[in-house]
Amino acid sequence: MKVAVIGAGSWGTALAQMLAGNGHDVGLWARKPEVAAAINAEHRNPRYLSDVALSEGIAAASSYEDVLRGAQAAVIVTPSSVMREVAATLADAVDADFPVIVCSKGVEEGSGLLPVEVFEAEMGNAARLAVLSGPNFASEVIRGIPTGTVVASPDEGTATFFQELFATEAFRTYASDDVIGVELCAAFKNVIAIAVGVSYGIGYGDNTAAMLMTRGLAEMSRLVVRCGGQALTCMGLAGTGDLVATCTSEHSRNRRFGKMIAEGGTLEEFVERTHMVVEGALACKTLETLADAYGVELPITDVVRSVVWEGADPRDVAKTLTSRPLTTEFYGL
Ligand SMILES: NC(=O)C1=CN([C@@H]2O[C@H](COP(=O)(O)OP(=O)(O)OC[C@H]3O[C@@H](n4cnc5c(N)ncnc54)[C@H](OP(=O)(O)O)[C@@H]3O)[C@@H](O)[C@H]2O)C=CC1
Ligand SMILES: O=C(CO)COP(=O)(O)O
């Protein structure tokens, strides 16, 4: 079958390669025409994972029309900040039952809507929508290093369709019906990874990182449950799995960004140097919209937001976490 992959950053490139390896024709949408041209001419992405030879089954283009022609499903891998415009463009181009899976990790700014809610608002028919998330660094996945992921959809048939589409021996896919839980975990773990990066950046240790990860998981679980997701999802690959991967790995842009900001760097510098997206920087704001709406306390997220967006000194705000009133371990759950 032909599959359209929208977004030719690191993750879009890795997923395109995996789908091509599974025998599918892939139409890969790249924002820049020169990137699409280079992929077609050299079978390498000049900007992301450029050391990996790409399959000849991948045909890149910078127009949606070209990548969607003949496609039977779309895989969305753009930054979450542009998901509404992607959904609106797609809505005009495909049928009402065309399957779409969102692999971006984030929450919409302003509305606090989750990716599948944004796509449903623009495209309708939530039953053909799904989300994919797990401990999935693109640089490992594209090399066939084993991992797993969760594919969640409100519709069992759609979940199974995408579960089978992506599954390989090295990429084990698990189906779920907890779309809210998977999406919230995906956005949340990036914020906690920034917190861990900041913590190492100011000289704190492995115990501190473990505490941030564990209390971050508690914070994540409180919000997931209050928003209607399942607590168990937080213990799965999209929750604990991705949290552990992102908070402990040097691959993580969010963790590296946290370390850099603690050492005096800025978001602009990081993005300019890497031309990559740091989803946790936006998510520490957008998750607050949900926390306010549902009346959930997010102390670690608050601290990350104040460091990233308000120029707070990490050492000072760390004290706001450690001086909170003593309580039971699982309050609010
Ligand atoms: N990298 C990873 O390991 C994983 C990433 N993800 C998620 O996938 C999503 C995409 O990230 P990733 O693939 O890493 O991207 P990268 O950080 O590797 O690259 C950024 C991508 O976003 C594109 N982009 C930037 N601005 C816009 C815009 N205004 N409109 C459309 N595209 C734009 C860039 O295009 P250009 O090159 O033209 O600037 C580039 O393709 C994120 O939500 C991320 O959290 C999920 C799992 C793993
Ligand atoms: O989502 C990811 C791994 O699952 C990628 O994390 P970073 O964006 O922090 O690199």
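Which residues does the UniProt annotation "binding site" cover?

Modeller: This is a predicted model. The "binding site" annotation comes from an unreviewed UniProt entry, and it covers K105, G134, K189, D242, S252, R253 and N254.

Start with K105. It sits in the loop between β5 (100-102) and α5. K105 is then in contact with S80, S133, A186, A187, N190 and E279.

Now K189. This residue belongs to helix α8 (residues 179-201). K189 is buried too, because 32 other C-beta atoms lie within 10 Å of it. Not counting residues up to four places away in sequence, K189 touches D242, L243 and T246.

Next, the domains. The assignment gives domain 1 as 2-177 and domain 2 as 187-322. Their C-alpha centres lie 25 Å apart. Domain 1 puts 20 residues into the contact, and domain 2 puts in 23. On the domain 1 side, β7 (147-152) and β8 (171-176) are the elements that give two or more residues. β7 gives the most, with 3 residues. By class, that side of domain 1 has 6 nonpolar, 10 polar and 4 charged residues.

Take α4 (residues 83-93) and α5 (residues 115-123). Their axes come within 8 Å and cross at roughly 35°. The crossing is right-handed. α4 brings M83, R84, A87, A88, L90 and A91 to the contact, while α5 brings P115, V118, F119, E122 and M123. That contact has 9 nonpolar, no polar and 2 charged residues.

The other pair is α9 (residues 206-226) and α11 (residues 237-248). These helices pack at an angle of about 145°, with their axes 11 Å apart. Here too the crossing is right-handed. From α9 come A209, M213, G216, L217 and M220; they meet G239, T240, L243, V244 and C247 in α11. The residues of this contact divide into 7 nonpolar, 3 polar and no charged. L243 links back to the annotated site: it meets α9 here, and K189 touches it as well.

Note on methods
Residues are numbered from 1 along each chain as its sequence is written. Chains are lettered from A and ligands numbered from 1 in the order in which they are written. This is a predicted model: local features need pLDDT of at least 70, side-chain atom pairs count only at pLDDT 80 or more; totals for chains, interfaces and linings use all residues. Axes are lines fitted to C-alpha atoms, for helices over the stretch in contact, and angles run from 0 to 180 degrees between N-to-C directions. Helices (H or I, at least four residues) and strands (E, at least two) are DSSP runs, numbered from the N terminus. A crossing is left-handed if the near helix is turned anticlockwise from the far one by less than a right angle, and right-handed if clockwise. Two residues are in contact if their C-beta atoms, placed from the backbone, lie within 7 Å. Ala, Val, Leu, Ile, Met, Phe, Trp, Tyr, Cys and Pro count as nonpolar, Asp, Glu, Lys and Arg as charged, and the others, Gly among them, as polar. UniProt positions are given in the numbering used here, feature names are shortened, and annotations may be inferred rather than shown by experiment. A residue is buried if 20 or more other C-beta atoms lie within 10 Å of its own, exposed if 12 or fewer, and partly exposed in between; C-beta atoms are placed from the backbone. Domain bounds come from an automatic or database domain assignment.
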